[in-house]
Amino acid sequence: MSGSGELPFTGSIFTLPLLVIGMTLTLAGWVVRRLAREDA
Amino acid sequence: MRLLPSRGTDHARRATGVETTRVAVLVASKDGASTIGATVASAVGQADVFVVSDGSRDRTGAVARAAGAHVIELTENVGKPAAIHHALTTLRLAERYDAIAILDDDTTIAPNFIRKAVERFREGVAIVVGRTMTRWPHENRWNVWLGSRAYAYWRYQATLRRGQSALGVMNCISGSNSVFRSSVLAQIAIEQTPYIVDDTYWTLETHRRKLGRIVYAPDAHAWVCDPLTLRDWYRQNLRWIWGMYQGIAGHHVGRRVTRFDVASVLLMLDWCAYVFGMPIAIGLALWLGWFSLHLVLFYAIGYAAWTLLAAIATKKWRLAAMLPAIAVIDVIYRVVFVHALVKTIREPRVTSCRWVSPVRY
């Protein structure tokens with residue numbers, strides 16, 4: 001069936017620590033992928 | 001990597017790329033003939049695929065079978081959780097497989113989806129949630145509802161979901177593309193969930209019964225059909241948020257002192273700030289007579305910065321051009337939050353988890 005629950009709510013001030021952790025991990029993942037691509 | 005002792009065919013074992021892990025894919029579908037073929041085709045090389053046709057009146061079963069799935073055809077429409085439960089019990093999937101991926105019938109997964117998800121199944125992990133992305137075909141490239149959803153998925157998953165995953169406090173999984181440890185799914189997949197969103201029930205049961213961590217796998221990619229019209233978009237969001245509110249009430253979220261509850265309360269405070277922050281700010285500005293460019297700029301710069309970032313990250317440059325539409329849709333989203341609250345007060349539980357899917361494309 002289409003459309004299982006996802007709730008793409010993006011958070012703001014009260015979830016700032018989660019957002020910072022999330023963004024840091026996303027950025028770190030992007031950097032790691034770039035470096036791995038360059039090594040290859 | 002090892003989940004549980006493996007049993008069964010070599011096919012699924014080889015396909016996962018993880019020698020000791022056996023994975024099944026399970027899809028419930030009602031009248032999904034137009035999309036189920038692509039869903040099965042995307043998964044059939046990675047795992048054994050099972051489709052439950054939930055009282056379909058079209059050729060769902062035949063199309064799924066032709067694409068390579070094992071098919072169960074139910075004569076009556078029983079709803080997704082009942083269909084999933086039926087397949088689990090009659091086919092004994094939880095006994096035969098170590099992990100079970102549940103996909104929607106309009107979801108397609110990347111060729112390495114199962115392998116990437118299984119890699120995250122470390123000790124103590126109950127559910128692995130894939131990365132959801134909007135299927136955004138060329139003919140719908142300027143559809144603002146798809147654009148808004150593509151933006152929301154990216155922003156939500158790159159920030160909040162990733163942070164929640166790191167701290168083990170995910171309040172929501174993707175029902176369209178998540179992989180469950182079989183022993184966990186067998187415990188939480190009941191025949192009729194009391195909430196309109198079955199995966200909300202599964203998520204909260206996993207937390208409450210301490211069945212394991214829920215983690216996000218950003219490299220396990222899945223594409224889903226999202227609503228194309230205001231009507232479908234509104235109805236889908238309303239159902240999702242209604243289901244979430246039902247879960248909060250039914251599982252007494254926020255009434256215990258656990259990390260999950262504290263994080264959930266903070267999230268709820270965020271919802272309040274999100275819904276009421278903008279109208280309060282505008283009201284105050286009008287009332288105090290200093291409505292100025294600053295307030296408009298505050299919101300405009302925020303929307304512009306996030307939309308531009310999303311456009312860069314997803315390489316969908318038209319997102320930047322859709323900025324005004326995304327901002328307007330975000331205002332409507334606030335209305336849905338309030339509407340869903342009223343709906344939850346009137347209907348805190350459901351007896352049947354059935355709904356009409358948005359138009360597939």
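1. Two strands are taken to pair if DSSP finds at least two bridges between them; helices (H or I, at least four residues) and strands (E, at least two) are DSSP runs, numbered from the N terminus. On these terms, eight strands of chain B form an open sheet of mixed pairing, in the order 3-2-1-4-7-6-8-5. Strand 3 (70-74) and strand 5 (108-109) of chain B are the edge strands, each pairing on one side only.

2. The model is a predicted one: local features need pLDDT of at least 70, side-chain atom pairs count only at pLDDT 80 or more, and totals for chains, interfaces and linings use all residues. Residues are numbered from 1 along each chain as its sequence is written, while chains are lettered from A and ligands numbered from 1 in the order in which they are written.

3. Chain B contains 14 helices and eight strands. Its radius of gyration, taken over C-alpha atoms, is 21 Å, in agreement with the value near 21 Å that a compact globule of 361 residues would have; the globule rule is 2.2 Å times the number of residues to the power 0.38. Along the principal axes, the C-alpha atoms of chain B fill a box of roughly 70 × 50 × 40 Å.

4. Within the sheet, strand 6 (residues 125-134) and strand 7 (residues 177-181) of chain B pair in the antiparallel sense over three bridges. B:Val129 has B:Ser178, in strand 7 of chain B, as its bridge partner.

5. B:Val215 lies in strand 8 (residues 213-224) of chain B. A residue is buried if 20 or more other C-beta atoms, placed from the backbone, lie within 10 Å of its own, exposed if 12 or fewer, and partly exposed in between; B:Val215 is buried because 20 other C-beta atoms lie within 10 Å. Of the 361 residues of chain B, 50% count as buried.

6. Contact requires that the C-beta atoms of two residues, placed from the backbone, lie within 7 Å. Leaving aside neighbours within four places in sequence, B:Val215 is in contact with B:Arg120, B:Val125, B:Val128 and B:Ser165.

7. At the interface, 45 residues of chain B are in contact with 23 residues of chain A. Helix 7 of chain B supplies the largest share of the side that touches chain A, 13 residues. That side of chain B divides into 22 nonpolar, 12 polar and 11 charged residues, where Ala, Val, Leu, Ile, Met, Phe, Trp, Tyr, Cys and Pro count as nonpolar, Asp, Glu, Lys and Arg as charged, and the others, Gly among them, as polar.
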